[in-house]
Amino acid sequence: MNLYRSFFLAGALLLAGPACATDVSMAGGDVAFSTPDNWVTIMETQGVPEMRVFQVPDPSPTARDNLASVTVEVEPVGDLAAFNRYVGNATRKAKGLDGYKAIGNPEGPNSQAYTAQEHGTAYRYDERFWFKNNHAVRLRCARPARSEAGAAWATAFDKGCDAVAADLAR
């Protein structure tokens with residue numbers, strides 16, 4: 001009987017979604033990362049820029065009106081000066097958002113954390129940038145500043161965003 005229970009538990013663990021990841025490749029394989037399986041691809045573009053947008057499910061009623069998302073954008077740039085212009089342009093756009101306010105300590109020199117209003121709702125944004133193989137790579141994590149899902153959900157969202165950032169930094 002214990003042998004059957006062990007096989008059942010092993011099978012259940014293999015099928016468990018949160019422990020799995022979806023591998024993503026962009027820019028002809030120059031940029032690669034993994035996302036949790038429960039993140040849903042809601043937009044994908046090819047060309048310049050190449051972009052993937054993922055919805056991060058929020059199990060609370062907050063999700064009815066406010067989308068939590070993670071975006072990875074890849075754009076070819078010729079050199080480090082062009083990358084710096086890319087980061088500068090993205091930073092200017094962020095500062096132009098309604099209610100923009102820088103928060104906390106960014107993760108590094110090419111990153112920013114801020115809050116802003118989106119359709120009347122306060123959002124928290126974390127953006128990070130890398131120069132890889134003559135590409136500007138931008139990670140933008142956006143979630144409602146407050147979700148009825150609570151602190152555990154916000155922590156899981158941030159952890160998923162950090163995991164994608166760790167992959168992109170390699």
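This is a predicted model: local features need pLDDT of at least 70, side-chain atom pairs count only at pLDDT 80 or more; totals for chains, interfaces and linings use all residues.
## The disulfide

Residues are numbered from 1 along each chain as its sequence is written, and side-chain values use heavy atoms, with hydrogens and water left out.

Cys141 and Cys161 form a disulfide, with 1.7 Å between their sulfur atoms (the cut-off is a pair of cysteine sulfur atoms within 2.5 Å). By that rule the count is one disulfide. The link of Cys141 and Cys161 is right-handed, with 85 degrees about the S-S bond. Cys141 sits in strand 9 (residues 135-144) and Cys161 in helix 3 (residues 151-169), so the pair ties together parts that are 20 residues apart in sequence. Helices (H or I, at least four residues) and strands (E, at least two) are DSSP runs, numbered from the N terminus.

## Helix 3

Helix 3 has 19 residues and reaches 27 Å from its first C-alpha to its last, close to the 27 Å expected at 1.5 Å a residue (the expected span is 1.5 Å times one less than the number of residues). Its buried residues are Trp153, Ala154, Phe157, Gly160, Cys161, Val164, Ala165, Asp167 and Leu168. Looking down the axis of helix 3, those buried residues fall within an arc of 165 degrees, so they line one face of the helix (the arc is taken from the directions from the helix axis to the C-beta atoms).

What covers the buried residues of helix 3? Among the elements doing so are strand 2, strand 5 (69-76), strand 8 and strand 9 (contact means heavy atoms within 4.5 Å). The face turned away from the buried side carries the exposed residues Ala151, Ala152, Thr155 and Lys159.

Strand 7 and strand 8 run antiparallel, joined by eight bridges (two strands pair if DSSP finds at least two bridges between them). Thr115 has Arg124 in strand 8 as its bridge partner. The two strands make a hairpin with two residues between them, and His119 in the turn has a positive phi of about 55 degrees.

Strand 8 also pairs with strand 9, in the antiparallel sense over ten bridges. There, Arg128 has Leu139 of strand 9 as its bridge partner. This hairpin has two residues between the strands as well, and Asn133 takes a positive phi near 50 degrees.

Back in strand 7 (residues 111-118) lies Gln112, which counts as buried at 10% relative accessibility. A polar contact of 2.5 Å joins the side chains of Gln112 and Glu127 (N or O atoms within 3.5 Å; within protein, one must be able to donate a hydrogen and the other to accept it, and residues adjacent in sequence count only if both atoms are side-chain atoms).

Most residues other than glycine have a negative phi, and most peptide bonds are trans. A cis peptide bond joins Val48 and Pro49, with omega about -5 degrees; Pro49 is in the loop between strand 3 (40-45) and strand 4 (50-55).

Ala27 has a positive phi, near 55 degrees. Ala27 sits in the loop between strand 1 (21-26) and strand 2 (31-36) and is buried, at 16% relative accessible area. Asn134 has a positive phi of about 60 degrees, and with a relative accessible area of 43% it is partly exposed.

Notes. Buried means under 20% relative accessible area, exposed over 50%, partly exposed in between (1.4 Å probe, protein chains only).
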